[in-house]
Amino acid sequence: MTAPTRTTGQSDSGVRDYRTPESLPRPSGRLTKEDLDPLVKDAGEGNPAAIHSLLQMIEPVVVRYCRARMGGRDLSYLSADDVAQEVCLAVLKALPDYQDRGGSFLYLVHAIAANKVADAYRAVARDRSEPVPELPERPLVAGNEPESHALHLDLGARLGRLLASLPRVQQEILTLRIAVGFSAQETAEALGISAGNVRVTQHRALTRLRGMIRDEEF
C-alpha cells in the first residue's frame, strides 16, 4: 500500500511533515455508490488493478478525514497518517467479505475511519502523560512569527471547543463537507442519511457556530 503523501519540514502545527487537510489532493472522480460499486465488486474478487484503483480513490479522503479529526497532532506514538494507513488496511481487509445490501461502500469506509480515530484517542487517554482534549487544535492561519503562531493555536483551541459542543452528526458533516471536501451526496452516503438532511444539518451547524462565535467575541 502506498504511504500517504507527506511534505518535508516543520509546519506551524508543530508536527513534522504535516500538511493541513485542505492542502491534500482530492480524487477527481466521485465517490458515490454508483461510481464505487463496480470497482468495489472487482476489488472484492481480488482484481489487483481494481484494488489499486480503489485505494487511490479512498486514501486521500481518509488522510484528510484523519488529519481533520486529529488536527495534525501526534497522539503519543500515533499520528494522523498512521491512523489513515490503519484505516486503509482495514478497508482492504474487509473487501472480500463486503456485501452490497443497498448502502454505499463509503459508509463502511467512514465507519472504519471514525472508529480508528476514536481508538487512537482512547489509546492516548490511557497514557496519562499526554492529556487529550475532545477535539484537537488545528492550524488556522499561516505565518511563522511567534505572535502568529500563538494566535492560531489559541484560535484553534477555541474553535475546537466550539466544535466539540456540536452534536456528533453535525461535527461529522462539517468534517466531511469542509475538511474532506465531500459533496452533499457523498456525505449522505458516508453517514447513511439523505443529501437533504446533510444540507439542513450543515446549515444548522454553521448557524449555531456563528452564534457561538459571536458570543465568544472571536
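The model is predicted, so local features need pLDDT of at least 70 and side-chain atom pairs count only at pLDDT 80 or more, while totals for chains, interfaces and linings use all residues. Residues are numbered from 1 along each chain as its sequence is written, and side-chain values use heavy atoms, with hydrogens and water left out.

**Helix H8**

Asn197 belongs to helix H8, residues 195-216. Helices (H or I, at least four residues) and strands (E, at least two) are DSSP runs, numbered from the N terminus.

Is Gln202 buried or exposed? Its relative accessibility is 14%, and Gln202 therefore counts as buried. Not counting residues up to four places away in sequence, Gln202 touches Ile173, Leu174 and Arg177; contact means heavy atoms within 4.5 Å.

**Helix H6**

Move to helix H6, residues 168-180. Its buried residues include Ile173 and Leu174, together with Gln170, Gln171 and Glu172.

**The nonpolar cores**

Which residues have the most contacts inside the largest nonpolar core? They are Leu36, Leu54, Tyr65, Cys66, Val87, Phe105 and Phe182, in a core of 43 residues. A nonpolar core is a set of buried Ala, Val, Leu, Ile, Met, Phe, Trp, Tyr and Cys residues joined through side-chain atoms within 4.5 Å. At least two residues of this core come from each of H1 (33-44), H2 (48-70), H3 (80-94), H4 (105-125), H6, H7 (184-191) and H8. H2 supplies the largest share, 11 residues.

Centre the view on Leu36. Apart from neighbours within four places in sequence, Leu36 is in contact with Leu31, Leu54, Met57, Phe105 and Leu106. A second, separate core has 7 residues, among them Leu162, Leu163, Leu209 and Met212.

**The cavity**

The structure holds 1 cavity of 30 Å³ or more. On a 1 Å grid over the protein atoms alone, a cavity is a set of points where a 1.4 Å probe fits but cannot get out, and lining residues have an atom within 4 Å of a point. The largest cavity contains about 90 Å³ of space.

To display its lining, select Val61, Val62, Tyr65, Leu106, Val109, His110, Ala113, Leu176, Val180, Phe182 and Ala190. H2, H4 and H6 are the elements that give two or more residues to this lining, and the largest share, 4 residues, comes from H4. The lining divides into 10 nonpolar residues, 1 polar and no charged. Here Ala, Val, Leu, Ile, Met, Phe, Trp, Tyr, Cys and Pro count as nonpolar, Asp, Glu, Lys and Arg as charged, and the others, Gly among them, as polar.

**The whole chain**

Finally, zoom out. The protein has 8 helices and 0 strands. Of its 218 residues, 46% are buried. Among contacts between residues at least 6 apart in sequence, 68% join residues at least 24 apart.

Key: Buried means under 20% relative accessible area, exposed over 50%, partly exposed in between (1.4 Å probe, protein chains only). On a 1 Å grid over the protein atoms alone, a cavity is a set of points where a 1.4 Å probe fits but cannot get out, and a pocket is an open set with protein on both sides within 12 Å along at least five of seven lines; lining residues have an atom within 4 Å of a point. Grid points are joined across faces, edges and corners, and a volume is the space filled by probe spheres set on the points.
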